[in-house]
Amino acid sequence: MDQLIILIRFVIAVLIQVLVCKQIVLFTDDFIYGTIMFYPIFILLLPLRYSKSVILLLSFLIGITVDIFYDSLGVHAGASVVTAFLRPFILKVLEPDSGYSINAIPSKFYFGIIWFMQYAAYLLGIHLLVYFSFEAFSFVFLKEIILKSLVTFGLSYIVLVIHQMLVNSK
């Protein structure tokens, strides 16, 4: 049953990213300022009991799936794997005094909306900085990387928090 829920979340995250978020882009004639990245919610909501290798594999799979639809040659996959790799460190930083239940999912339902907002902010920020760094492939474009990361972070963060407010991620 757990695998079915994960599969459904995977498909829904990809569909929302590809069919809705891909169409929403803030740009001028020659510069894309930002878009909405919804699919990282899949990585954020993976159960705590999953091993690091399973989380890395699932993160790579969602990233490469999004890359296929974006023709982006692995930048989503790379950012997703880095996000998944750093997830345990962020979870450790935000760990409640009572610790984590092995059956918990890092969501509003288990830890509250304030905790989720902090968790999402850290991981989404990391994800976007890595994504736009990989996309530019050079720190010569540091100003553009930061600008795109900030605009996309603002848009995506609002969507992820609204998602948590509306959906009971148990």
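This is a predicted model: local features need pLDDT of at least 70, side-chain atom pairs count only at pLDDT 80 or more; totals for chains, interfaces and linings use all residues.
Student: Let's start inside. How many residues does the largest nonpolar core have?

Tutor: The largest nonpolar core has 45 residues. Those with the most contacts inside it are Phe42, Leu46, Ile62, Trp115, Phe116 and Tyr119.

Student: Which helices supply this core?

Tutor: α1, α2 (40–44), α3, α4 (75–93), α6 and α7 (142–166) each supply at least two residues of it. The largest share comes from α6, with ten residues.

Student: Which residues are buried in α7?

Tutor: Ile145, Lys148, Ser149, Thr152, Ser156, Tyr157, Leu160, Val161, His163 and Gln164 are buried there.

Student: Several of those numbers are three or four apart. Why would residues with that spacing point the same way?

Tutor: An α-helix has 3.6 residues a turn, so residues three or four places apart point the same way.

Student: Lys148 is on that buried list. What does Lys148 form a salt bridge with?

Tutor: Lys148 forms a salt bridge with Glu135. Their closest N and O atoms are 3.5 Å apart. Lys148 is in helix α7 and Glu135 in helix α6, so the pair ties together parts 13 residues apart in sequence.

Student: Why does Lys148 count as buried?

Tutor: Lys148 has 17% relative accessibility, and buried means under 20%. Glu135, at 38%, counts as partly exposed.

Student: How many salt bridges does the structure hold?

Tutor: The structure holds three. Another one pairs Arg49 with Asp2, with the closest N and O atoms 2.7 Å apart. That pair links distant parts of the chain. Arg49 is in the loop between α2 and α3, Asp2 is in helix α1, and 47 residues separate them.

Student: Are those two buried, exposed or partly exposed?

Tutor: Arg49 is partly exposed, with a relative accessible area of 36%. Asp2 is partly exposed too, at 23%.

Student: Which other pair forms a salt bridge?

Tutor: Glu95 forms one with Lys92, and the closest N and O atoms are 3.3 Å apart. Glu95 is partly exposed at 30%. Lys92 counts as exposed at 58%.

Student: New topic: the surface. Which residues form a nonpolar patch there?

Tutor: Leu4, Leu7, Ile8, Val11, Ile12, Leu15, Leu19, Val20 and Ile24 form it. Together they have about 790 Å² of accessible area.

Student: Where does Ile12 lie?

Tutor: Ile12 lies in helix α1, residues 2–20. At 43% relative accessibility, Ile12 counts as partly exposed.

Student: What about Ser133? Where does it lie, and what does it touch?

Tutor: Ser133 lies in helix α6. At 18% relative accessibility, Ser133 counts as buried. Not counting residues up to four places away in sequence, Ser133 touches Ser138, Phe139 and Ile145.

Student: What separates the C-alpha atoms of Ser133 and Ile64?

Tutor: They are separated by 17 Å, and the two residues are 69 apart along the chain. Ile64 is found in helix α3, residues 52–70.

Student: Which residue just after α6 takes a positive phi?

Tutor: Phe137 does, at about 60°. Asp71 also has a positive phi, near 50°. Leu73 has a positive phi near 50°.

Student: Where do Asp71 and Leu73 lie?

Tutor: Asp71 lies in the loop between α3 and α4. Leu73 lies in the loop between α3 and α4 as well. Asp71 is exposed, with a relative accessible area of 70%. Leu73 is exposed at 86%.

Conventions:
Residues are numbered from 1 along each chain as its sequence is written. Side-chain values use heavy atoms; hydrogens and water are left out. Helices (H or I, at least four residues) and strands (E, at least two) are DSSP runs, numbered from the N terminus. Patches are made of residues with over 30% relative accessible area and no salt bridge: like charges are joined within 9 Å, nonpolar side chains (Val, Leu, Ile, Met, Phe, Trp, Tyr) within 5 Å. Accessible areas come from the Shrake-Rupley method with a 1.4 Å probe; for residues, only the protein chains shown count as cover. A salt bridge is a side-chain nitrogen of Lys or Arg within 4 Å of a carboxyl oxygen of Asp or Glu. Buried means under 20% relative accessible area, exposed over 50%, partly exposed in between (1.4 Å probe, protein chains only). A nonpolar core is a set of buried Ala, Val, Leu, Ile, Met, Phe, Trp, Tyr and Cys residues joined through side-chain atoms within 4.5 Å. Contact means heavy atoms within 4.5 Å.
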